[in-house]
Amino acid sequence: MTDRIKRLRTFFITEKEYHMVRQPPLDEECLARDFARDNTPPTERAVQRLCFMLRREEARLFPEERIAFVRTLPNIPALFTNREMEELKASHWIHEQGEVCNINGDFSRLLDCGLEARMAQLRQEQRTHPEAAAYIDGQLKILQCVEDLAERYRDLAQKQGNTVVAETLSRVPKYAPRTFLEALQMFRIIHFTMWCGGNYHNTIGRLDQYLYPYFRHDREHMSREEILELLEEFFLTFNRDSDLYPGMQQGDNGQSLVLGGRNMDGSDSYNELSELCLQASLELQVIDPKINLRVHRDTPQSVYVLGSQLTKQGLGFPQYANDDVVIPGLLRLGYEPEDAYNYVAAACWEFIIPGKAMDIPNIGALSFAEAVSEAVKEHLTDSPDFESLLRCVQEKITAQVEKLCRTVRNVYMFPAPFLSLMMVNGGQVGRDISLGAVYNNYGFHGTGLATAADSLAAIKRLVYDEAALAPEELLQALEADFQGFEELRNRLRYEMPKMGNDDDEVDSLAVLLLDDFAEALEGRRNDRGGIFRAGTGSAMYYLWHAEELGATPDGRQAEEALPCNYSPSLFARCRGPVSLLKSFAKPHLQRVINGGPLTLELHDTLFRTEESVEKVALLVRSFMEMGGHQLQLNAVNRDTLLAAQRHPEQYRNLIVRVWGWSGYFVELDRAYQNHIIQRMELQM
């Protein structure tokens, strides 16, 4: 890292000096009240709001920077009044905040042509498709406002003597970039505009692919170190405004990029830019952008080693995705081959297609633990054998699926005219992406899998195989939350089979549960013509579902947290990482390919030597070769985390993986901190 980047990192990350340029917050309904009074159509509201934001933004430059644009408006006004939102919710399913989110635009649709050329295309479309003239006119207004803001930045750069920024902005975004720096600056402007439009959690995608032509152009006359310095400054721009982005916690902002991956011809797309992205992240040690690394059976060991060196820093990434499982899984769901091979990760881990998918991959979640709990309470005493109980569990899973599918109908998403410029809208000119695209699929998470499988394994052994526990006694213990049944609770917790020990007795039940989930969704279609996808992720539901769930037959007490994502229970005593990986590679993961990584906490002592880092890399590779689909690792130390809770001021830069994102530990809510501390620290 150069001295200049060190100074910028201190300025933006440690000191957060950019906060000084922020304007006072806007009245949340300052636009919505007028929109409601004038009965302004939703799409026109979206256009006016984004133009309002871009016109009100103040150009600000900081010492030594070469890549400009920083948010000065700290909030985005609402499109609808509170009363209008209540009316919308009465007749529609509103996903999250209603904005188009958690998708990936095809940035090259603007990046590779420049805004002037794109506006010329739009004017031609206006002439040939007069029915879309009004919508296209709104997009033209937005692009003009983007150019106007860039000109204000250029004028300021000239005034301040920043010739680099001034020269760059004399080219982009008006015209297509010619150099790597111009491409990085134009992406920054596009990304900035997208967030100003309210479109949050929309990811960066395959940056090492769409920026590679610009990188290759400059690589001929720039050193690796010079390009790395540009890339590191670019990465710092993602951390300037991240506290303004909506999310469950600071860090949950969807700024995720994907590196590498297999091409359709079998070749590997991992390139020098991919490696430099990993190197930049390794040197900077900041939470954004989050790195996803696509791997496959031909990925060199050196790539896994570099990824493990990144994990060693405690960043919680890269998150790995296995092309040999993901691509066949997407093909099985009906994705076209060229799209399946081009997949990216959404804000956390869900698999989506850039530029073509209006999928909502986190629209709801099924609770495996709840399905088992209900089946046990209602049918344990009248189930003559274990197979009968399993059929009851299957019925509960199907019932949950049916309820979820019924609930998420008539979804309403706010118009996104700027983001639509980077999407293929089903071949219809002037059609907003909020109405749909090529793929319009919905994804459901699946929480508490290990809790459910462990519960069933305990019942199978104690109630049916050994007849050592009467069904009535178990039900009494569950009803009492194990108060007065402490000996039974401890036996269930610590003496019964647990998923994560390569034990077929319990692992086979997890396979069955996931298959039941996939089969319950098979053939169902949503009201946008898309399918439903089953997944192994949890997002925040591992806490939410736990709050609603009583004691479970694995010895878990009421409201105790479920495992995060696709992981062992919090009190499973696993024999070690290898056995754990074997357990979690057994399910038919191509069938539950909405996404959801195996999440492991490795003790930070595992990373002390080059040899130990190599062992971690081999561990990751082994999981992929076993048939695992997705993996994320945390390098943690329980004593350090406890110290950070006691003295947060001393651990401001301590980073951890939360679920599908990384954040600063001391900025997390206590519940998330405690859950991370509870997770096991595995050693080899």
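User: What volume does the second largest pocket have?

Analyst: The general idea is that rolling a probe the size of a water molecule over the atoms shows where empty space is left. In this structure, which is a predicted model, the second largest pocket has a volume of about 470 Å³. Of the 25 residues that line this pocket, those closest to its centre are Glu28, Ile76, Ala78, Gln97 and Glu99.

User: Which helix gives the largest share of the lining of the second largest pocket, and how does the lining divide by class?

Analyst: Helix H4, residues 82-91, supplies the largest share of that lining, with three residues. Sorted by class, the lining of the second largest pocket holds 14 nonpolar, four polar and seven charged residues.

User: Turning to helix packing, how should I read the crossing angle of helix H12 and helix H13?

Analyst: Angles of 65 to 115 degrees count as roughly perpendicular and those under 35 degrees as roughly parallel, with over 145 as roughly antiparallel and the rest as oblique. The axes of H12 (residues 224-237) and H13 (residues 272-284) come within 9 Å and cross at roughly 60°, which makes H12 oblique to H13. The crossing of H12 and H13 is right-handed.

User: Which residues of H12 take part in the contact with H13, and what classes make up that contact?

Analyst: From H12, the residues that meet H13 are Arg224, Ile227, Leu228, Leu231, Glu232, Phe235 and Leu236, and their partners in H13 include Glu272, Leu276, Ala280 and Leu284. By class, the contact of H12 with H13 comprises ten nonpolar, two polar and five charged residues.

User: At what angle do H3 and H9 cross, and which residues meet there?

Analyst: The axes of H3 (residues 42-56) and H9 (residues 180-196) come within 9 Å, with a crossing angle of roughly 125°, and the two helices are therefore oblique to each other. Their crossing is right-handed. Leu50, Met53 and Leu54 in H3 meet Phe192, Thr193 and Cys196 in H9, a contact with five nonpolar residues, one polar residue and no charged residues.

User: How do H14 and H26 cross, and what kinds of residue form their contact?

Analyst: For H14 (residues 301-312) and H26 (residues 610-626), the axes come within 8 Å and cross at roughly 115°, and this crossing is right-handed. Among the residues of H14 in the contact are Tyr304, Val305 and Lys312, while those of H26 include Val613, Leu618, Arg621 and Met624. The residues of this contact divide into eight nonpolar, three polar and three charged.

Definitions and conventions: Residues are numbered from 1 along each chain as its sequence is written. This is a predicted model: local features need pLDDT of at least 70, side-chain atom pairs count only at pLDDT 80 or more; totals for chains, interfaces and linings use all residues. Side-chain values use heavy atoms; hydrogens and water are left out. Axes are lines fitted to C-alpha atoms, for helices over the stretch in contact, and angles run from 0 to 180 degrees between N-to-C directions. Helices (H or I, at least four residues) and strands (E, at least two) are DSSP runs, numbered from the N terminus. A crossing is left-handed if the near helix is turned anticlockwise from the far one by less than a right angle, and right-handed if clockwise. Contact means heavy atoms within 4.5 Å. Ala, Val, Leu, Ile, Met, Phe, Trp, Tyr, Cys and Pro count as nonpolar, Asp, Glu, Lys and Arg as charged, and the others, Gly among them, as polar. On a 1 Å grid over the protein atoms alone, a cavity is a set of points where a 1.4 Å probe fits but cannot get out, and a pocket is an open set with protein on both sides within 12 Å along at least five of seven lines; lining residues have an atom within 4 Å of a point. Grid points are joined across faces, edges and corners, and a volume is the space filled by probe spheres set on the points.
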